Amino acid sequence: MSEKENYVEQKEIEENVSKFDNTDSSNLRPKDYQLPSLGEEFIDRINEIQKQFIASVQPIIDLRRELIEPITEMQKQISEALRPFTQIKEAINQLTAPLKGIDWDALSKVAAERLKEIDTFLKEQEDNLWCIDVDLLDAIENEEVINYAECIDSKLDEYVLEITSDPIYELHVSLIKETYGAYRAGYYKLCTFPLFSTFEHIVASWYEGNITEEEIAVNLKPKQKRLYYKIQKLTNEENGQEGFIKVFAQSVLRMYEKTFVSIPEQLNKELNRNSITHGFHDYDSITQEDVLKLFQLLKAALILKYVSPKDFIE
């Protein structure tokens, strides 16, 4: 075939392809062509498959509802139950402002410096979750105490007797005594629950005014005098004991703030009422010393009898 003939044939092919590309596809179907309709039997089958699928997943949906709704309701109940304590914690935060409510005019310059010195020392011990009371501070300053845990352990029977003999712990006498027994048996993990719950109740009762000055004045007058004498030894002054009592009371309230914080994201190893109570805690990390810190905290909380929230309002 000559080159001319090849050229002519190639052009014809290109023209035919071009015509086909520009052709409306609808013109390729006959004019009376109709798309096939789905039969009723086919549609019924599709509907039946849908019903069967819904029926198969419905138990999963119901189970999810049964699991989620109680949890949601429980979360609401827990939130409602914790609301009073959340409010108390927020209020206590206002009461623990540095040296708030101190009558500085009632103190000499020496006493004021001594007060600040004690306040600083108490805060340093709080960093390790030790709440120092008047008795322990006196022993520390007299160099009678080297190791806090050993000292408290050796006197724990005296601690328990003093705590359970005090009216503010009247509701918890048997609980504290049984906790003391658990401590001596080495069940340190079990000790944290009752000690935290006792401390929580005392702070809440104090904040709500159930531990009042009037009740103390009637029932605890001798102990009150003894406390003032101890404070007087620390201050070397006859006046201004109220300011020092407030410093020790604020230390107790700060410990409430430190140990009742929100549950951390990571497994917690420090004393924390919320993580211990709600199950997200490294319980194997709880030691004998941790329990002694809580017994010391209950003893230190006895000072709340001598002040009220209004005493911290300037």
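E143 sits in the loop between α4 and α5 (148-154). In this predicted model, E143 has a positive phi of about 60° although it is not a glycine. E143 is exposed, with a relative accessible area of 71%, which is over the 50% required for that label.

**Backbone angles**

- Most residues other than glycine have a negative phi.
- L129 is another residue with a positive phi, of about 65°, although it is not a glycine.
- The position of L129 is in the loop between α3 (109-126) and α4 (134-141).
- L129 is buried, because its relative accessible area is 13% and the label applies under 20%.

**Overall fold**

- The protein chain contains 13 helices and 0 strands.
- Following the sequence, the pattern is therefore α-α-α-α-α-α-α-α-α-α-α-α-α.
- Of the 314 residues in the protein chain, 38% are buried.
- Among contacts in the protein chain with a separation of 6 or more, 70% are between residues 24 or more positions apart.
- The protein chain has an accessible surface of about 19700 Å², and carbon and sulfur atoms account for 52% of that surface.

- Which residues of helix α6 are buried? In this helix, which spans residues 156-164, they are L156, Y159, V160, I163 and T164.
- Viewed down the axis of α6, these buried residues fall within an arc of 115°, so they line one face of the helix.
- An α-helix has 3.6 residues a turn, so residues three or four places apart point the same way.
- The exposed residues E158 and L161 are carried on the face of α6 turned away from its buried side.
- The cover over the buried residues of α6 includes α5, α7 and α13.

- D166 belongs to the loop between α6 and α7.
- With a relative accessible area of 3%, D166 is buried.
- The side chain of D166 has a polar atom 3.0 Å from the backbone nitrogen of I168.
- There is also a polar contact of 2.6 Å between the side chains of D166 and K305.

**K299 in helix α13**

- K299 is a residue of helix α13.
- Is K299 buried or exposed? K299 counts as buried, because its relative accessibility is 5%.
- K299 lies over the face of Y159, at 5.2 Å from the ring centre; Y159 is one of the buried residues of α6.
- Leaving aside residues up to four places away in sequence, K299 touches D133, D135, Y159, E162 and I163.
- K299 and E162 are 137 residues apart along the chain, and their C-alpha atoms are separated by 7.9 Å.

**Aromatic pairs**

- A pair of aromatic rings is described by the distance of the centres and the angle of the planes.
- How many aromatic pairs does a search of the whole structure find? The search finds 8 aromatic pairs.
- One of these pairs is edge-to-face: Y183 and F295, at 6.1 Å centre to centre, with 80° between the planes.
- Y183 is in helix α7 (residues 173-184) and F295 is in helix α13 (residues 288-300), so this pair ties together parts that are 112 residues apart in sequence.
- Y183 counts as buried at 2% relative accessibility, and F295 counts as buried at 0%.
- The rings of F193 and Y283 form a stacked pair, because their planes are at 15° and planes under 30 degrees apart count as stacked; the ring centres are 6.4 Å apart.
- F193 counts as partly exposed at 34% relative accessibility, and Y283 counts as partly exposed at 21%.
- Ring pairs also link F196, F199, Y256 and F260 into a cluster.

Notes: Residues are numbered from 1 along each chain as its sequence is written. Side-chain values use heavy atoms; hydrogens and water are left out. Rings of Phe, Tyr and Trp (its six-membered ring) pair if their centres lie within 6.5 Å; planes under 30 degrees apart count as stacked, over 60 as edge-to-face and the rest as tilted. Helices (H or I, at least four residues) and strands (E, at least two) are DSSP runs, numbered from the N terminus. Buried means under 20% relative accessible area, exposed over 50%, partly exposed in between (1.4 Å probe, protein chains only). A charge sits over a ring if NZ of Lys or CZ of Arg is within 6 Å of the ring centre and within 35 degrees of the ring normal. The arc is that of the directions from the helix axis to the C-beta atoms. Contact means heavy atoms within 4.5 Å. A polar contact is a pair of N or O atoms within 3.5 Å; within protein, one must be able to donate a hydrogen and the other to accept it, and residues adjacent in sequence count only if both atoms are side-chain atoms. Accessible areas come from the Shrake-Rupley method with a 1.4 Å probe; for residues, only the protein chains shown count as cover.
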